[in-house]
Amino acid sequence: EEEQSTEVYDHWYYASLGASDLGRVDHKQTPDARQPALIRAAIQALPGEASEYHLTKFANGLFTRMSAVKPTVKFRYLTGGFEIVGDHSQAREARKLYDYYKDLVTEIKLTTRVDGSSNVGVGEPFGVFVELLHTPEIERESGGFGRYLQNQNNQGNFYYNYGRPLENYRDKFQESITAALSENFEVLSVTFQSEDVTSRAAKEFGWRVTPYAYVLLKSRGAQIDKIPSMKMDLDFLDTSGFVMLPIHSPALPIDASKSEPAGRPTSKLEITQTLDERQADKGKLVLEVKATAHGLVPPLDKLLDLKSGEFEIGEIDDRGVSISRFDPESSEPVVISERTCTVTLNGRTDLAALPTEFTFPGPKIEADKITYQRYNDADLDEVEQKVSLEKQYGDVKRPWLWGLLVIPAIALAGGAAWYMNRGRVKQSTASRFQVPAQVTPFSVLALLRNIQANDGLSTDMHRELAGSIQSLERHYFADTSVPAPDLRSVAESWVSKAR
């Protein structure tokens, strides 16, 4: 009897938690929830008094082994252990501890809510508030929740964690939710409340709420319909040292399918516009826009009316919305955000006159304060909404200038045409009868007969022409003793006379 042991069942149970050595079981391992029932059935199947003996010994060791259990798995360890031993009397001390853990997890909850509408769309940032909902009793017992807003291992601050090891609580939470959300969301930032945050009354009677963090997200697709559960580890002192209890938020339904997401709640909007003419030599007029607000500052196209009749919008550098901090003076949790944009304006090339003034764009939504300023060298001067430009931008459209350029061109073309036509007229007059290219008796006689038949010569000239024709015919076709005439001279003479 003295050699009987529960060792085989002990290691069986440890293995079901994640490792056969109890000291190596941690929160990263996934337990097998089927095994505790099988272990209980195996113990109960032992013959005679051996069943009760082993069950008693296992129940007694459930509490004595607690010192070897890591704080992050104590609750899991006791939950499975009581599936095996039930309400056995030898597990009284373990039962007290287990009931204490169960009370803790029922008195504190992790809650999430979207900042504004659940219609979040795709590609547009939206925020989620993370809060602790708890009873006043557990807040007193834990000493408040300010330590979960600390990175205690960072140098520069001294922290005391009431007997617990120092922990970077903020980093741990951010790593946890990034792992949980990164598949469907881009986690842009996590902004935490200040360490001295205090709780406030919740809507539910007997409960209080402690604002914890603001998570800025961007959906990765229109098919996403919920924000997964987030997890936070809370640690408490107990009789075995301290325990770390994970609390989970319920999944949060959203709608990312809308092409135009709902606007985020915004108040106390302040806009500062700065005009910069220092790139005028490149034809650029630069407008810097910085906006701050309670809530999320909307995108630039929803913030300002950028239409300008005398300038074209070039590049727009929108650095996106960023969260600076929680507003410490607000009665309700609200974040302060800012957005910085740079708009490059180019002068148009079809203006009737170069612009001499610039009017700062007006807001599309109500703003509590709008400031207009411009660079004066390296300094900034506050100005009115409409200011005089110090440089010139764009080009003027000058149709009259084109007219001045066209008129000389037309005149030149007309003169050239006149000259060419004059030449052609003269040539036409001079070239009415042409000296044959090949001067022969036949070609010259043909020329002379053509002149005789078609030119209005005087009677004397006709008789002279007839004499020239007869002289040529007699020499070449009748009496070769007659002296030969100069054919080219004859042809040129009559062409000249026939003009």
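User: In this predicted model, is R374 buried or exposed?
Analyst: The relative accessibility of R374 is 10%. The cut-off for a buried residue is under 20%. R374 therefore counts as buried.

User: Which residue forms a salt bridge with R374?
Analyst: The closest N and O atoms of the pair are 2.4 Å apart. A salt bridge needs such atoms within 4 Å. The partner of R374 is E277.

User: How many residues apart in sequence are the parts that E277 and R374 tie together?
Analyst: The salt bridge joins E277 and R374. E277 sits in the loop between β10 and β11, while R374 belongs to strand β15 (residues 369-376), so the pair links parts of the chain separated in sequence by 97 residues.

User: Is E277 buried or exposed?
Analyst: E277 is placed in the loop between β10 (266-276) and β11 (284-295). Its side chain also makes a polar contact with the side chain of R374, at 2.4 Å. The relative accessible area of E277 is 9%. Under 20% means buried, so E277 is buried.

User: How many salt bridges does a search of the whole structure find?
Analyst: The pair E277 and R374 is one of them. D32 with R34 is another salt bridge. The search of the whole structure gives 21.

User: How far apart are the closest N and O atoms of D32 and R34?
Analyst: D32 is partly exposed, at 24% relative accessibility. R34 is exposed, with a relative accessible area of 60%. The two form a salt bridge, and their closest N and O atoms are apart by 3.0 Å.

User: Which residue forms a salt bridge with D233, and is D233 buried or exposed?
Analyst: The closest N and O atoms of the pair lie 3.1 Å apart, and the partner is K231. K231 is partly exposed, at 26% relative accessibility. D233 has 14% relative accessibility. The limit for buried is under 20%, so D233 counts as buried.

User: Which residues are linked with D87 in a network of salt bridges?
Analyst: This network goes beyond D87 itself. The residues linked with D87 are R95, D99 and K102.

User: What is phi of K268?
Analyst: Most residues other than glycine have a negative phi. K268 lies in strand β10 and is partly exposed, at 49% relative accessibility. Its phi is positive, near 50 degrees.

User: Where does D377 lie, and what is its phi?
Analyst: D377 lies in the loop between β15 and β16 (379-382). At 65% relative accessibility, D377 is exposed. D377 is a residue other than glycine with a positive phi, near 60 degrees.

Notes: Residues are numbered from 1 along each chain as its sequence is written. This is a predicted model: local features need pLDDT of at least 70, side-chain atom pairs count only at pLDDT 80 or more; totals for chains, interfaces and linings use all residues. Side-chain values use heavy atoms; hydrogens and water are left out. Helices (H or I, at least four residues) and strands (E, at least two) are DSSP runs, numbered from the N terminus. Buried means under 20% relative accessible area, exposed over 50%, partly exposed in between (1.4 Å probe, protein chains only). A polar contact is a pair of N or O atoms within 3.5 Å; within protein, one must be able to donate a hydrogen and the other to accept it, and residues adjacent in sequence count only if both atoms are side-chain atoms. A salt bridge is a side-chain nitrogen of Lys or Arg within 4 Å of a carboxyl oxygen of Asp or Glu.
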